[in-house]
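Reader: Hi! Could you walk me through this one, a bit at a time? I'd like to start with the helices.

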Amino acid sequence: MIIIKVPFSEAGLGKTVGTETAPDTIIEDLSEMHLNESSRKAAYETYDVDIKSSNISDNNASIAKRVGELSSGTNEKIIVLGGDHAMSYASFMGFAANNPGCGLVVLDAHPDLLPETGVQSHEDWIRLLINEERLDPKRLIIAGVRNTDASEKEFIDAKRIRAYSMKHIFRTGIQDFCDGITETVRSWPAFYLSVDIDAIDPAFAPGTGYLEPGGFSSRELIYIIQRLSMLPSFRIADIVEVNPKKDMNRMTSRLAAKIIKEIE
């Protein structure tokens, strides 16, 4: 397994300060864990992204280049650790450069589809990928949503995006919901999984900037991860928005480490 650290929070527009410390904290917690729930312990190598300044464009180029280099010609699974969610924009582009037609599965309390403001951020990164035609909205799934702006709802409806609220998932049942999304992504040539830690209820993951009640339990999210990671088209995931400065007893960073462990 390849782990890429992206210690950058400037694209959170001041709302995600502290997430830049997450990669090292999560890896520290990961080093203390033993076998996963399949009785395996994957070996991993860590790599850094050269974050030189607070310039978002420069750092996006560095992130895309690093992910592109490390995802080229390898069968190893890749984990990218943020940092704020804006880094997924560049990380996805780096992966997509080697995997044309790949899709995106996002677990998040928010759709991240707000109208663009001219400064790429953690609130509009998916909309930007679609508007720049880097991502086909037919190959996008967003799940765990429970706080949506009216402008985002309009965009979702206009683009016919599969955006599943927690209300929908709860009514469907977690197993049936997983059956549906795995059937969909199975046909994609590859897919990128992005895990915003606020997809999880803050009772289980308090160390993040946006505490949205009513999310996945840690067990439900781990179940989703275990199901998706079994698919041949699963190649890469990121984990973002963990903020050790807001955490409690390292609950959130340890959960992020647990998610890595369960990606086989």
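**Helices and a few buried residues**

Author: Happy to. Asparagine 55 caps the N-terminal end of α2, with a side-chain oxygen 3.1 Å from the backbone nitrogen of serine 57. Keep in mind that this is a predicted model.

Reader: Thanks! What turns up just after α2?

Author: Glycine 73, which takes a positive phi of about 70°.

Reader: And how far apart are the end C-alpha atoms of α2?

Author: They are 22 Å apart. That agrees with expectation, because 16 residues at 1.5 Å a residue should span 22 Å.

Reader: Nice. Which residues of α2 are buried?

Author: Ile56, Asn59, Asn60, Ile63, Ala64, Val67, Gly68, Leu70 and Ser71 are buried.

Reader: What do the buried residues of α2 pack against?

Author: Their partners are the strands β1 (2-5), β2 (45-48), β3 (78-81) and β8 (234-240), along with helix α3.

Reader: Let's stay with α3, then. At what angle do the axes of α2 and α3 cross?

Author: The angle is roughly 35°, and the axes come within 7 Å. Here α2 covers residues 56-71 and α3 covers residues 87-96. The crossing is right-handed.

Reader: Which residues meet there?

Author: From α2 you have Asn60, Ile63, Ala64, Val67, Gly68 and Ser71. On the α3 side they meet Met87, Tyr89, Ala90, Ser91, Gly94 and Phe95. By class, the contact of α2 with α3 has seven nonpolar residues, five polar and no charged.

Reader: How about α1 and α9: how do their axes cross?

Author: They cross at roughly 65° and come within 8 Å, with α1 at residues 22-31 and α9 at residues 251-262. That crossing is right-handed. Thr25, Ile26, Asp29 and Leu30 of α1 make the contact with Ser253, Arg254, Ala256, Ala257, Ile260 and Lys261 of α9.

Reader: What classes do the residues in the contact of α1 with α9 fall into?

Author: Five are nonpolar, two are polar and three are charged.

Reader: What does threonine 252 touch?

Author: Not counting residues up to four places away in sequence, threonine 252 touches Ile197, Ala205, Pro206, Gly207, Val242 and Asp247. With glycine 207 there is a polar contact: its backbone nitrogen lies 2.7 Å from a polar atom of the threonine 252 side chain.

Reader: Good one to check. Where does serine 229 lie?

Author: Serine 229 is in helix α8, residues 218-229. With a relative accessible area of 5%, serine 229 is buried. Leaving aside neighbours within four places in sequence, serine 229 is in contact with Lys77, Phe234, Glu262, Ile263 and Glu264.

Reader: Last one: where is proline 137?

Author: Proline 137 lies in the loop between α4 (125-131) and β5 (140-145).

Reader: Is proline 137 buried or exposed, and why?

Author: Buried, because its relative accessible area is 18% and the cut-off for buried is under 20%. Setting aside residues up to four places away in sequence, proline 137 touches Ile130, Lys159 and Ile161.

Reader: How far is the C-alpha atom of proline 137 from that of arginine 162?

Author: They are separated by 8.4 Å, and the two residues are 25 residues apart along the chain.

How values were computed. Residues numbered from 1 in each chain as written. Predicted model: local features only at pLDDT ≥ 70, side-chain atom pairs only at ≥ 80, totals over all residues. Heavy atoms only, no water. Axes fitted to C-alpha atoms, helices over the stretch in contact; angles between N-to-C directions. Helix = DSSP H or I, 4+ residues; strand = E, 2+ residues; numbered from the N terminus. Left-handed = near helix turned anticlockwise from the far one by under 90°. Contact = heavy atoms within 4.5 Å. Nonpolar A, V, L, I, M, F, W, Y, C, P; charged D, E, K, R; others polar. Expected span 1.5 Å × (residues − 1). Buried < 20%, exposed > 50% of the residue type's maximum accessible area, 1.4 Å probe, protein only. Polar contact = N/O pair within 3.5 Å; in protein donor to acceptor, adjacent residues only side chain to side chain.
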